[in-house]
Amino acid sequence: MSEQNEKIMLEFFDLGDATQFKQLDLGKINEIEENSHSISPIIFDIFEKLMKQCLKGFNFTNNEISFTEYMEFYQEVNRLIPRLKKKIITEDCNSSVYYIGDTHGAIQESFKIVDFFYKLFQFNKEIKIIFVGDYVDRNPYDLENLTLITAFHLLFPSNVVLIRGNHEDRLINTHYGFIDNLLRTFMEKGEELYEEVIKFFTHLPLAHIAQMHSGEKLARVMAVHGGIPIDPLNFLEPAILEEIESKLKCEVDKSDDMDVYSVSMLWSDPDEMIQGILTGAHLHGRMRFGFPVFQSFIDANKINLVVRGHQKWNNGYHIFFDGKLYSLFSTQTYDGKIKFEPKMLRLDFGQTPKIIPISFESLESELKNSTN
Ligand SMILES: [Mn+2]
């Protein structure tokens, strides 16, 4: 390899400086395992291997997890996660709720999040963390990222929520890297592994409603990957979540085969410049929605705030519609290059939403503030 090429390769696979993590205690990985019961050892094994690879400086070039282990892992995932019962999850939340935007293979950020959450969890068992989808594509270590987040969810099933993004889709994975990464790593067997993973994607819910309580008061926060559900032929009438849930046809492997509401939840974008909606051939049937359409939806569904991902922002977030919609982006790397400042969001009842950089320093200080 020429020096020039080597430099390009390094840049492409550079996941940032990991030296600061070397001080972390390996013992906590064992603790996480000891605290979980009735779960297959394969979930622990893979979680532990990935965490150790992260601690060793995010070195994933030597694949330490075999094809057979990954197959066993996703077969277990598909056994544990029942066929989708709820397409929209509604939960009562009595403590802080954290939201993570698109991670797109950013295992370095996901590792920081797992580390932070686990330390915080020691002080407060009621916190929740919600990933708003797009775990794969766009970066080389997307299988590793998806697997770490999925294992984390299975180890803390009542605290960690995963919802589906538009990249949890067979057609998208064919074009944006995930399937190519699987084929590069496991040759033709990569296809077999993909079939197991896509089965899992079809079981993911499309939205989460956090019902945050404080005494008699209640705030409802909706997390969704793209946007609010909209029927483009009837956009003036807001969709009512309880009414549309049974109509959501999302247990399929590509959004092309879904109903209009599911497509809108996975794909649509907010737009401050329009009053109604924008759709058409140039948007591939995907929508943009203006403030009035958004407002009538949240009023009709008694929702106070919407948190979504789907769009990339240089500084990791953007606030729309008078602070009623937060858009998050939680990966530093995109198409293999370091480009963004990843952020997450913390919500507490009655407090201003807090944007937190996903960096070692800021998560350490967040931890200090939260545990004092
Ligand atoms: Mn997306």
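Predicted model: local features only at pLDDT ≥ 70, side-chain atom pairs only at ≥ 80, totals over all residues.
**View 1. Gln53, a residue of helix 3.** A residue is buried if 20 or more other C-beta atoms lie within 10 Å of its own. Gln53 sits in helix 3, which covers residues 41-55. Is Gln53 buried or exposed? Gln53 has 22 C-beta neighbours inside 10 Å, so Gln53 counts as buried. Some of its contacts lie beyond the neighbours within four places in sequence: these are Asn59, Phe60 and Glu64. Take Glu64 as an example. Gln53 and Glu64 are 11 residues apart in sequence. In space, their C-alpha atoms are 8.4 Å apart.

**View 2. The whole chain, for orientation.** The chain has 372 residues, and 42% of them are buried. Gln53 counts as buried too. The chain holds 13 helices and 16 strands. How do contacts span the sequence? Consider contacts between residues at least 6 apart in sequence. Of these, 71% join residues at least 24 apart.

**View 3. Helix 4 beside helix 9.** Helix 4 spans residues 67-80. The axes of helix 4 and helix 9 come within 9 Å. They cross at roughly 20 degrees. Angles under 35 degrees count as roughly parallel, and therefore helix 4 and helix 9 are roughly parallel to each other. Their crossing is left-handed. Which residues make the contact? Helix 4 supplies Phe67, Tyr70, Met71, Tyr74, Gln75, Val77 and Asn78. Helix 9 supplies Lys189, Leu193, Glu196, Val197, Lys199 and Phe200. Sorted by class, the contact has 8 nonpolar, 2 polar and 3 charged residues.

View 4. Helix 8 covers 178-186, and helix 9 covers 189-201. Met187 lies in the loop between them. Look at its backbone. Most residues other than glycine have a negative phi. Phi of Met187 is positive, near 55 degrees. Is Met187 buried or exposed? Met187 counts as exposed, because it has 10 C-beta neighbours inside 10 Å.

**View 5. Helix 5 beside helix 6.** Helix 5 runs over residues 107-121, and helix 6 over residues 142-155. Their axes come within 9 Å. The crossing angle is roughly 20 degrees. That makes helix 5 roughly parallel to helix 6. Helix 5 passes helix 6 in a left-handed crossing. On the helix 5 side, the contact is made by Ile107, Ser110, Phe111 and Val114. On the helix 6 side, Glu144, Asn145, Leu148, Ile149 and Phe152 take part. By class, this contact has 6 nonpolar, 2 polar and 1 charged residues.

View 6. In general, strands of a sheet pair through backbone hydrogen bonds, either parallel or antiparallel. Which strands stand at the edges? Now follow the strand 11 edge. Strand 11 and strand 12 run antiparallel and are joined by 4 bridges. Phe320 has Leu325 of strand 12 as its bridge partner.

**View 7. Phe321, between strands 11 and 12.** Strand 11 covers 317-320, and strand 12 covers 325-328. Phe321 is in the loop between them. Phi of Phe321 is near 50 degrees. That is a positive value in a residue other than glycine. How many C-beta neighbours does Phe321 have inside 10 Å? The count is 19, so Phe321 counts as partly exposed.

View 8. Strand 9 covers residues 288-289. In which sense do strand 7 and strand 9 pair? They pair in the parallel sense, over 2 bridges. Asp269 stands opposite Arg288 in strand 9.

Key: Residues numbered from 1 in each chain as written. Buried ≥ 20, exposed ≤ 12 C-beta atoms within 10 Å, placed from the backbone. Axes fitted to C-alpha atoms, helices over the stretch in contact; angles between N-to-C directions. Parallel < 35°, antiparallel > 145°, perpendicular 65-115°, else oblique. Left-handed = near helix turned anticlockwise from the far one by under 90°. Contact = placed C-beta atoms within 7 Å. Nonpolar A, V, L, I, M, F, W, Y, C, P; charged D, E, K, R; others polar. Pairing = 2+ DSSP bridges.
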